[in-house]
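Me: I'm new to this one and would like a quick tour. Can we start where the protein sits by the DNA?
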2 protein chains.
Amino acid sequence: MTKHRGLAVGARVRAPTLEQVAVAAGVSRATVSRVVNGAAQVRDDKIDRVKNAIARLGYVPNRAARALVTQRADSIALLLPGLDLQVLSDPLFAGLLRGVGRTLAATSSQLVVLFEDDPRRLVRYLGGGHVDGAIVVSQYGDPALLRQLARQVLPVVFSAPVPGCDVPVGQVEVDDVAAARAAVGHLLSIGCRRIGTVAGRPGLPSGQDRLTGYREAVAAAGLPVVQEFGGACDEEAERAVATLLAEHPDLDGLFVASDVMARAVLRMLAAHGRRVPDDVAVVVFDDRFGATGTVPALTAVGRPSEALGACLAEMLLGDEDEILTDSSATQSAVPDRAAFELVVRDST
Amino acid sequence: MTKHRGLAVGARVRAPTLEQVAVAAGVSRATVSRVVNGAAQVRDDKIDRVKNAIARLGYVPNRAARALVTQRADSIALLLPGLDLQVLSDPLFAGLLRGVGRTLAATSSQLVVLFEDDPRRLVRYLGGGHVDGAIVVSQYGDPALLRQLARQVLPVVFSAPVPGCDVPVGQVEVDDVAAARAAVGHLLSIGCRRIGTVAGRPGLPSGQDRLTGYREAVAAAGLPVVQEFGGACDEEAERAVATLLAEHPDLDGLFVASDVMARAVLRMLAAHGRRVPDDVAVVVFDDRFGATGTVPALTAVGRPSEALGACLAEMLLGDEDEILTDSSATQSAVPDRAAFELVVRDST
DNA sequence: TTGTACGCGTTATCAT
DNA sequence: ATGATAACGCGTACAA
C-alpha cells in the first residue's frame, strides 16, 4: 500500500522536486532536467536511473517554476468574456472548442477555458504568466471589454472582428455574405421563385452581411427583395413572418438570418397553414438546433466552427514563434476549409 | 498615443516587474509588494507613489512567480475528463459551472476549465502548480481515470461518487432515492394508479437508487412494482416500453430513470396509441431537454445542479484552509438547498 | 557527457 | 515603516 493522502493533507505534502529526483538517482539536477525535456546528450544508463527515480517518486515538473525561467507557460486560454452561460449549448462554441482542442492536442500546450466576465480578473489572469496567449470568443462579447483585451501584453486572437478596435489584432472572419448567397442559391436550385428573408436586428454587422448576401442572390436571379426584420425575440420573428405572408401570399422560400428565430418562424408558418417544405422551403443561418431540435429538421448554413477553432489556434501558435511580423496591421484569416457549411435537411 | 504592440511583438516585450515599479516609484521591491497585497504598514504618500507607478507601467503581478514562493496558484480547475463535448449542452453541467463560478467569484481564486481527456496531460497540468485544487465532473467520466485523479497530490473533489475508489476523496452525493420517491409521489398525486418505471442499466449506483426510490414509493401507496430495464440506448428503452405496455395495458403513469431515454419512450408511447399525459403521465429523471427539447415538454426531477456546484467549490475551498481534518475517510456532502428539483411541465 | 552557478519575479524573514 | 536578502523550482550558459 503506497502512501495515500487525505483531503487536507494534500495541500501540505509538497510535491517532489527535480532536486529530490537528482538525489534519488545519484546525478545532478541538470541531468534530470535534460532527461525530463527530450533527453539530449545523456548516457543511457543514467537515463534509466533517472526515469526510474521519476516514476518511483511520482515526479511531475513544476510548470510555474518552469514558466518563470522559460517565459512560457505552455498553455493558452480560451476566453468566454462577458456572457451568460447559454453559449454552452451553442454548436458554434462546441465546434470551436473542438477545433482548438484538436489543434492544441498536437502540441505541448494545454488549453484552459475561462468563463469569466470580470474584466479585472481577466486581465490579472492573462498578465499573470499562466498562459502564453488567448483566444477570445468574441461573437457575443461586450465590445468595450473586447477592445480592452486587445490591448493586452499577450498574443490575442479573436473569433470574430472586434468592432471599433484601434489596435492591430488577429481575428478570423467568416464570409457571411457568401454564406447567405449560398443559402439563397440553394432555395433557387430547388425551384423557389418568391424568396423572402427574415433578417436579424438591424445594426449587427454579421446580420447586415447576411442581408447583403440575400439581396445579391435574389437580384442576380432577377427576383424581388422580400425582406422583414425579425430581431432577436420570438414575437418580432412572428410578426415578421405574418407581415411577409400578408404582403406576399405566394412566398415559397424563406431565408431566416438567425437560428434563434427558427422555431418562431416554423410556428407562424404552420399557424398560417403553410406546410414546410411543400409550400414554403426554409433555410436558416447557423445550426443551433441541429438535426433533432425542430420539426421538420432545418436546412442550415452553419459557420465552419471546428475549422474556425483550428484556424484561431494556428494563428496564435504561429504568432508565438515568429520574432516579428508585420505587426502594424490587423491580421485577418479565413478558416482553411469551407468558409461555411450547408447542411440540407427536411425543411427544403 | 500610448505604445501599442503588434501581434508577435507581444511575446517579446516583457511585462513590467515589481522591480521596475520599485525603481519608478523610488522605493524598494518589498514596499511595492506590500502595496500590491493589501497594503499593511506603508505610509500613505508612498502608497500613492507606488499605485501611480503601477498604473503608469500597467503592472500586473506575475502569478507564476508568486505561486512559486507562496505555494498557492490562486486558481482552481474544473475538470471534464474523458468525455466528448456533448456535455456542453447538458443543463447539469451548465448549472454546476454557474454554481462553482459564483462561489469562486467571491474569492480571489480564478476558475479554469479543462476539457481534456488525455490522462497524462491532465496529471501534468494538475501537478504543475498552476492550480490549487480540482473539481472533477465525474458523472460521465471513465472510472479508471477518475480513480487516478483521486490519487493526485492535490485536493480533488468529485461531483458524483467514484466507483471503486480506494482512497478517501471529497464527493457530493445527490439523494437520488428521495428524488425518485418524489417523482413517483407526483404521479400519485395526479391520480395515477398503475405506475411503471423504465430503469437505467442495472449496476449503475445512481440508477439503483432511483429504482429503490420508485419501489419505496409504489409500495407505500400499496401499488405493484412494474419495472423494466431500459439501458442507455434508444432500442433498449423502446423494448422496455413495449414490454411494459404489453404486460400492463392499464399503465397510466411512467417514471423514466434517465432523460436520455425520454425521446425513445415518448416515441414508443405514441406508436402504441397512448397519449401523453392523457393516457400515460410521464416523469423523467434529469432535465437535459428542458422545456423545449421534447413534445410534450417533460415533467422532470433534475439534480440541483447549481447548488451542487456551489457545494463542490465550498468543499474544495474549505479543504485548502484546514490543516488536517479526518483525512482517512471519504468526505461526502449533500448540496445545501433542495436535494433535487421537480419541474412540472406538460407530460403529467 | 556531466556538474556548477546564475537568474526568472515574487514573497517572507530579518534587520534597521 | 522600510530595505536588504534568502528562498521557491527550474532551465541553461559555461566550465570541467
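Reply: On the surface near DNA strand D, H5(A) gives the most, with five residues. "Near" here is when a residue's C-beta atom, placed from the backbone, lies within 6 Å of the molecule or strand. Helices (H or I, at least four residues) and strands (E, at least two) are DSSP runs numbered from the N terminus. Keep in mind that this is a predicted model: local features need pLDDT of at least 70 and side-chain atom pairs count only at pLDDT 80 or more, while totals for chains, interfaces and linings use all residues. Residues are numbered from 1 along each chain as its sequence is written, and chains are lettered from A and ligands numbered from 1 in the order in which they are written.

Me: OK, how many residues surround DNA strand D, and which are the closest?
Reply: There are 27 around DNA strand D, and the closest are A:Thr17, A:Leu18, A:Asn62, B:Gln41 and B:Arg43. The elements giving two or more residues there include helix H2 (18-25) of chain A and helix H3 (29-36) of chain B.

Me: And what kinds of residues make up the surface near DNA strand D?
Reply: Twelve are nonpolar, eight polar and seven charged. Ala, Val, Leu, Ile, Met, Phe, Trp, Tyr, Cys and Pro count as nonpolar, Asp, Glu, Lys and Arg as charged, and the others, Gly among them, as polar.

Me: Now the other strand. Which residues come nearest to DNA strand C?
Reply: A:Arg43, B:Leu18, B:Ser33, B:Asn62 and B:Ala65, out of 27 around DNA strand C. H5(B) gives the most to that surface, with five residues.

Me: Switching topic: how many helices and strands does chain A have?
Reply: Chain A comes to 13 helices and twelve strands. Its radius of gyration (taken over C-alpha atoms) is 26 Å, well over the 20 Å that the globule rule (2.2 Å times the number of residues to the power 0.38) gives for 348 residues, so chain A is more spread out than a compact globule.

Me: What box do the C-alpha atoms of chain A fill?
Reply: Roughly 85 × 50 × 35 Å, taken along the principal axes.

Me: Last one, the six-strand sheet in chain B. What's the strand order?
Reply: That open sheet runs E7-E6-E8-E9-E10-E12 in chain B, with mixed pairing. Two strands pair if DSSP finds at least two bridges between them. The edge strands, E7 (226-229) and E12 (341-343) of chain B, each pair on one side only.

Me: How do E6 and E7 of chain B pair?
Reply: In the parallel sense, over four bridges. B:Val198 has B:Glu228 in E7(B) as its bridge partner.
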